[in-house]
Amino acid sequence: MPEWLSVIVDNLPLLLKGALSTLQLTSLAVLIGLAIGIFVGMGRLSKYRIIRYPSSVYVEFLRGTPLMVQLFLVYFGLPELGLEFDRFTAAVIALGINSGAYVAEIVRAGIQSVPKGQYEAARSLGMSHAQAMIYVILPQAFRHILPALGNEFIALAKDSSLAMVIGTVELMRSAQYIVSRTFMSFPIYGGVALIYFAITFSVSRLVKFVEGRLKV
Amino acid sequence: MTVLKVEGLHKYFGKLYVLKGIDLEVKKGEVISIIGPSGSGKSTLLRCINLLEEYQRGKIYFKGELITHRNINRIRSSIGMVFQQFNLFPHLSVLNNLILAPMKVKNMQKDEAVEKAKKLLERVGLIEKINEKPGNLSGGQQQRVAIARALMMDPELMLFDEPTSALDPELVKEVLDVIKDLAQSGMTMLIVTHEMRFACDVSDRVVFMDEGRIVEMGPPEKIFSNPENERTREFLGHFLSV
């Protein structure tokens with residue numbers, strides 16, 4: 001077995017453990033991002049300024065500052081205010097609230113893509129604003145934004161590698177550890193690239209599949 | 001009994017003055033057609049009635065009750081509206097389009113809602129399309145489903161906003177037939193339309209609007225054969241000479 005291959009094989013368990021952690025990190029951040037994104041996205045379209053303005057500030061601030069700074073703020077900054085998280089939780093929170101800003105913009109565009117007549121028809125039948133959103137507008141918006149959401153989740157999976165800067169043990173951090181012991185950069189980072197690709201490609205296939213199932 | 005009463009209704013779109021003091025009373029069982037040139041405020045009047053448009057001055061009463069933002073959801077559930085663009089929910093089947101509002105707004109049981117939906121689809125001649133998505137239906141079929149959807153709520157007043165204007169000419173009749181059938185069943189209706197022959201046939205009263213005002217109002221025989229107002233005569237001249 002050539003040396004580069006045996007390095008990979010020997011360290012495969014560690015790499016896969018890192019990959020699993022990356023998957024967990026990404027999935028949890030996706031869930032937080034979606035939850036925040038739906039509310040903030042709707043908030044940006046609210047007729048009430050008291051909801052609209054904070055939503056806009058949220059989106060602008062989190063889109064307009066580097067993810068790395070946000071990671072540092074959550075992990076190193078918040079403890080000074082009495083909020084302490086372990087490295088994994090801090091990464092989930094930072095990635096989640098960051099993604100929330102992007103998802104919010106996608107959700108806003110999705111809601112605006114549904115013709116106004118749909119909302120009017122729902123309201124004319126006596127539905128409340130909330131019922132019209134839940135049963136009529138959001139399901140249609142979701143279909144329209146699925147490709148954009150897929151992109152966001154892929155970006156998030158890749159961005160999760162940045163969590164290594166606060167020491168979260170995920171795929172990239174595991175790889176670095178292996179390289180520092182073996183000095184075999186190319187096979188390890190190459191393997192890591194392939195694993196990231198496997199993850200993002202699965203996401204993109206999954207989105208395609210769901211898109212097909214939901215076709216109007 | 002008076003179902004609807006509009007009093008001194010004024011409406012601006014920004015600086016544009018679109019309704020300049022509308023007064024109108026609709027009795028139970030009455031069918032009223034609103035005709036007039038484009039931009040005369042016909043559709044806006046209809047949309048003000050169920051508060052899809054805000055208005056600046058005036059009062060609208062439904063069965064004696066002043067319509068406000070507080071009671072609007074309850075009142076809307078008794079006022080059916082049919083739109084020019086149908087506005088069926090494209091992600092839901094025909095059946096689910098019909099049963100959604102009764103189940104969510106009136107807490108109707110699903111079995112009961114489905115039974116009712118089947119009856120109404122039978123009535124508009126579309127029972128075989130019950131599981132189709134709206135996108136697979138023709139415009140005329142979609143509009144008939146939209147009418148059935150509005151009827152699911154047992155409305156006491158139906159508003160039709162140019163229900164055939166978006167249809168291919170050969171599909172207009174099937175929709176008008178359904179509306180006619182509804183008129184004969186005693187439904188109270190306000191119909192904004194450009195179909196003059198239909199308006200003449202089906203209405204108890206015809207309202208002619210121009211530039212945000214009701215210019216003339218009366219029985220169809222009167223309006224269509226012997227209008228008093230110069231503007232009405234001019235407008236109908238286009239149709240009567242055809």
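Reader: How many residue pairs are in polar contact between chain A and chain B?

Author: This is a predicted model, and a polar contact is a pair of N or O atoms within 3.5 Å. Between chain A and chain B the count is six residue pairs, both partners at pLDDT 80 or more.

Reader: Which elements of chain A supply the side that touches chain B?

Author: Look at α5 (116-124) and α6 (129-159) of chain A, each of which supplies at least two residues of that side. The most comes from α5(A), with eight residues. Sorted by class, the side of chain A that touches chain B has eight nonpolar, seven polar and five charged residues.

Reader: Okay, and how do I read the size of the interface?

Author: The size of an interface is often given as the accessible area lost when the parts come together. Here chain A and chain B bury about 1800 Å² between them, with 60% of it on carbon and sulfur atoms. In chain A, the residues that lose the most area to chain B are A:Ser124, A:Leu125 and A:Tyr135, together 32% of what that side buries. As for residues in contact, 20 come from chain A and 22 from chain B.

Reader: Which side chains meet in a salt bridge across the interface of chain A and chain B?

Author: For a salt bridge, look for a side-chain nitrogen of Lys or Arg within 4 Å of a carboxyl oxygen of Asp or Glu. The rule finds one across this interface: A:Glu120 with B:Arg47, at 2.6 Å, N to O. Over all chains, a search of the whole structure finds 23 salt bridges.

Reader: What is A:Glu60 paired with inside chain A?

Author: A:Glu60 meets A:Arg44 at 3.9 Å, N to O, and A:Arg63 at 3.4 Å. The pair with A:Arg44 links distant parts of the chain: A:Glu60 is in helix α2 (residues 49-63), while A:Arg44 is in the loop between α1 (3-43) and α2, 16 residues apart. By contrast, A:Arg63 and A:Glu60 both lie in helix α2 of chain A, three residues apart, about one turn of the helix.

Reader: Is A:Arg44 buried or exposed?

Author: Buried means under 20% relative accessible area, so A:Arg44 counts as buried at 17%. A:Glu60 is partly exposed at 43%, and A:Arg63 is partly exposed at 33%.

Terms used
Residues numbered from 1 in each chain as written. Chains lettered and ligands numbered in written order. Predicted model: local features only at pLDDT ≥ 70, side-chain atom pairs only at ≥ 80, totals over all residues. Heavy atoms only, no water. Contact = heavy atoms within 4.5 Å. Buried area = accessible area lost by both parts, 1.4 Å probe. Polar contact = N/O pair within 3.5 Å; in protein donor to acceptor, adjacent residues only side chain to side chain. Helix = DSSP H or I, 4+ residues; strand = E, 2+ residues; numbered from the N terminus. Nonpolar A, V, L, I, M, F, W, Y, C, P; charged D, E, K, R; others polar. Buried < 20%, exposed > 50% of the residue type's maximum accessible area, 1.4 Å probe, protein only.
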